[in-house]
Amino acid sequence: MGKLTIGCFPGLVGNMSYDFALKLAEAAKDKGHDVDVWFSGNATGSIAAGQKHLKDYSTAEQHLTRLMEKGVKFCTCEACSVARGVKKDSSIEGVIWNAMHWYLGSIHGADRVLQIGGE
Amino acid sequence: MKLGVFVSDFELTNDTLDRVGPDGVILVANGVYHASLKTDGKASPLLSKYSSLYVLSEDLETRGIDAATVDSKVKVVDYSGLVDVIFNEFEKIAWL
């Protein structure tokens, strides 16, 4: 088994690239790989707790929580998060808050890296 | 180094792909149109440039594209198959 690190920059609502990142993370974890996901840019908006789950829009809280229970690690860029008004005490429990060096460290130990750019 | 590139757009990536020069292409999101859509009766030029071609089945279904219409050069994979492609077919991967 290997390790996949995904850098996810696109925003949340209605964004298929964001959905892709989570679905790929889940598929890799289900096959026994280690998976790290780094949120940066507008993707950091997806770690806010208490998201309303609308029928026609993708939301992340339930999916993120399920993936963390499976062992996927999520880390958000602290600077990107606070710049968007996301506060640590009102974010999804279990998401790591850190800086770019966390992403670089994860990349260093990964067998495969996929960076999905923002919009 | 064997490089696989995710192509997530239909119109804007051909020039970039030529410069990157990947060994294979994985079609996702709006990039899946390359696998099936014909322009003036011709298949996407992308399909004749690379020997390793994959398309994500879920993104075909999302767009109402029948997997049976996918060009025979392209292998249809689900998310689980995509993970195997990432780990077994390529050493590096990139996203366009």
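Trainee: How many residues of chain A are in contact with chain B?

Mentor: In this predicted model, 17 residues of chain A are in contact with eleven residues of chain B; two residues are in contact if their C-beta atoms, placed from the backbone, lie within 7 Å. Residues are numbered from 1 along each chain as its sequence is written, and chains are lettered from A in the order in which they are written. Local features need pLDDT of at least 70, and side-chain atom pairs count only at pLDDT 80 or more, whereas totals for chains, interfaces and linings use all residues.

Trainee: Which element gives the largest share of that side of chain A?

Mentor: H1(A) does, with seven residues. Helices (H or I, at least four residues) are DSSP runs, numbered from the N terminus.

Trainee: Why are H1(A) and H2(A) called roughly parallel?

Mentor: Their axes, lines fitted to C-alpha atoms over the stretch in contact, with angles from 0 to 180 degrees between N-to-C directions, are 11 Å apart at an angle of about 20°. Angles under 35 degrees count as roughly parallel and 65 to 115 as roughly perpendicular, so H1(A) and H2(A) are roughly parallel to each other.

Trainee: Which residues make this contact?

Mentor: Leu22(A), Ala25(A), Glu26(A) and Lys29(A) of H1(A) make it with His63(A), Leu67(A) and Lys70(A) of H2(A).

Trainee: What makes H1(A) roughly perpendicular to H4(B)?

Mentor: The axes of H1(A) and helix H4 (residues 79-88) of chain B cross at roughly 75° and come within 9 Å. The angle therefore makes H1(A) roughly perpendicular to H4(B). Among the residues in this contact are Leu24(A) of H1(A) and Leu82(B) of H4(B).

Definitions and conventions
Helix = DSSP H or I, 4+ residues; strand = E, 2+ residues; numbered from the N terminus. Parallel < 35°, antiparallel > 145°, perpendicular 65-115°, else oblique.
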